[in-house]
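Student: I have a structure open on my screen and would like to understand how its side-chain contacts get their labels. Could we go through some of them together?

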Amino acid sequence: MADRLYARAALSAGLVGIVAILWLGPGARSAWHPTDFDRELQRLDAEVSALRSPGLETPDRVTRLAFRLYHRATLTARSEDFLPVQALVDRALSGWPAPDLLLLRATIDLRFHRLEDARHSVNAIEDAANDDSAQLLLADIALQDRGSAEARRRIDAVLDRRPTWDARSRLAWLLARQGDVDGADQQYAAAEAELTAKEMPAFAWVELQRGQMYFARGQYERAAGHYQRARRAFSGYWLTDEYEAELLGARRDFDRAVARYQDAISRAPRPDLFHQLGDLYLAMGRPIEAGTWHERALAGYLASVDNGEVQFFHHLATFYSDVRQDGAAAVRWAKQDWLLRPNDATEDTLAWALYRNGQFAEALDRSSRALAGDSVDGHLLFHAMTINQKAGRSAEVRGLRARLEAFNPSYGDFHVHR
């Protein structure tokens with residue numbers, strides 16, 4: 001029973017936002033001053049080593065090993081570390097289609113934007129309708145497929161049965177996306193109250209989501225407070241460094257912002273972080289450094305695509321729209337992303353790519369569709385305002401400008417597009 005609870009807890013931590021946690025590089029400082037992340041990684045390494053003892057393979061042991069490997073992969077935040085997890089799960093499922101393994105396989109598929117594969121795995125679970133983890137995963141899938149009403153229905157059903165932190169966090173994210181900040185903050189606070197002292201990584205993640213919600217609205221002091229609480233709760237968390245770097249950039253504290261990004265990259269050498277640091281250097285008026293980091297980002301994105309992965313299509317569309325301003329390339333990647341995940345965000349990304357490519361009528365149509373959804377987002381409003389301005393729709397531009405200023409009067413400050 002204890003191991004089954006561990007598996008479900010690890011799965012919940014992975015499902016909420018499909019968040020990668022950390023990877024700490026081989027630095028001498030880490031060896032002498034271990035962070036909370038270091039200790040967590042060391043604990044997992046010891047458990048994985050014990051579970052890999054030869055001649056002791058059983059369904060229960062394989063399941064435990066798969067979940068430890070999955071947890072470790074989320075800590076390292078590297079795509080290649082999920083490959084052995086997938087291989088182990090696929091091999092195990094050929095012999096025993098256990099619900100926990102099906103959920104884990106679906107979680108990995110969703111993380112890498114393979115929505116249909118994820119949905120297929122969840123539907124293979126017996127009595128999935130009464131399995132809270134399965135229902136929350138189906139809610140996550142629905143949110144990627146313009147199904148916010150379905151997602152809300154599934155989340156509410158889980159909360160009626162058992163108000164867990166991961167269900168509350170999902171509801172909070174959905175409410176924030178729809179513009180209900182107070183309701184979202186209440187749900188985030190309730191989620192934190194459900195967490196124990198042993199769940200500090202999850203607590204830190206929730207605090208970061210609360211902070212990001214306020215940062216996106218230009219409320220920098222409130223964002224900073226939540227980021228600081230996350231840092232105190234779980235040291236060595238690269239996502240904290242990333243979010244604080246963005247905030248420091250918005251405040252034009254550029255040197256500290258660069259240092260934070262460098263800390264994050266030392267732990268999680270991800271192409272999207274290279275992209276963000278390049279954008280920061282552009283904001284600083286340092287195009288040579290920006291170009292170096294942007295080239296590294298592009299190389300990482302394309303290497304991922306060459307490996308058959310699809311999770312960076314969105315980043316490639318944004319990169320070609322805003323960094324290279326290559327409209328044709330931006331449209332190509334944005335269309336591929338929209339076909340995988342037809343939602344407000346991908347619709348907006350496609351609209352912006354079409355605008356960059358000079359396809360103004362098509363851009364206006366796509367932007368109007370994105371606006372018709374239930375998402376409230378600064379990027380979406382800014383893109384729509386710009387596209388409507390190009391179309392000469394001055395009344396619509398005035399309305400969109402007012403909405404953007406009400407949403408975030410500091411939208412022109414440095415920020416990233418995740």
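Predicted model: local features only at pLDDT ≥ 70, side-chain atom pairs only at ≥ 80, totals over all residues.

Student: What makes Asp132 and Arg162 a salt bridge?

Tutor: The closest N and O atoms of Arg162 and Asp132 are 3.7 Å apart. The cut-off is within 4 Å, so the pair qualifies as a salt bridge.

Student: Why is this pair said to tie together parts of the chain?

Tutor: Arg162 lies in the loop between helix H9 (148-161) and helix H10 (165-177), while Asp132 is in helix H8 (residues 132-144), so the pair joins parts 30 residues apart in sequence.

Student: How do you know that Glu244 and Arg260 form a salt bridge?

Tutor: Their N to O distance is 2.8 Å, which also falls within 4 Å. Glu244 belongs to helix H14 (residues 238-250) and Arg260 to helix H15 (residues 254-267), so this bridge ties together parts 16 residues apart in sequence.

Student: Is Glu244 buried or exposed?

Tutor: Glu244 is buried, because its relative accessible area is 9%, and that is under 20%. By the salt-bridge rule, the count comes to 40.

Student: Now the rings. How many aromatic pairs are there?

Tutor: The count comes to 13 aromatic pairs.

Student: Why is the pair of Phe82 and Phe112 called edge-to-face?

Tutor: The ring centres of Phe82 and Phe112 are 5.4 Å apart and their planes stand at 80°. Centres within 6.5 Å make a pair and planes over 60 degrees apart make it edge-to-face, so both parts of the label hold.

Student: What makes Phe82 and Phe112 buried?

Tutor: Phe82 has 1% relative accessibility and Phe112 has a relative accessible area of 6%.

Student: Which charged end sits over the ring of Phe274?

Tutor: That of Arg296, 4.2 Å from the ring centre.

Key:
Residues numbered from 1 in each chain as written. Heavy atoms only, no water. Phe/Tyr/Trp six-rings, centres within 6.5 Å; stacked < 30°, edge-to-face > 60°. Buried < 20%, exposed > 50% of the residue type's maximum accessible area, 1.4 Å probe, protein only. Lys NZ or Arg CZ within 6 Å of the ring centre and 35° of its normal. Salt bridge = Lys/Arg side-chain N within 4 Å of Asp/Glu carboxyl O. Helix = DSSP H or I, 4+ residues; strand = E, 2+ residues; numbered from the N terminus.
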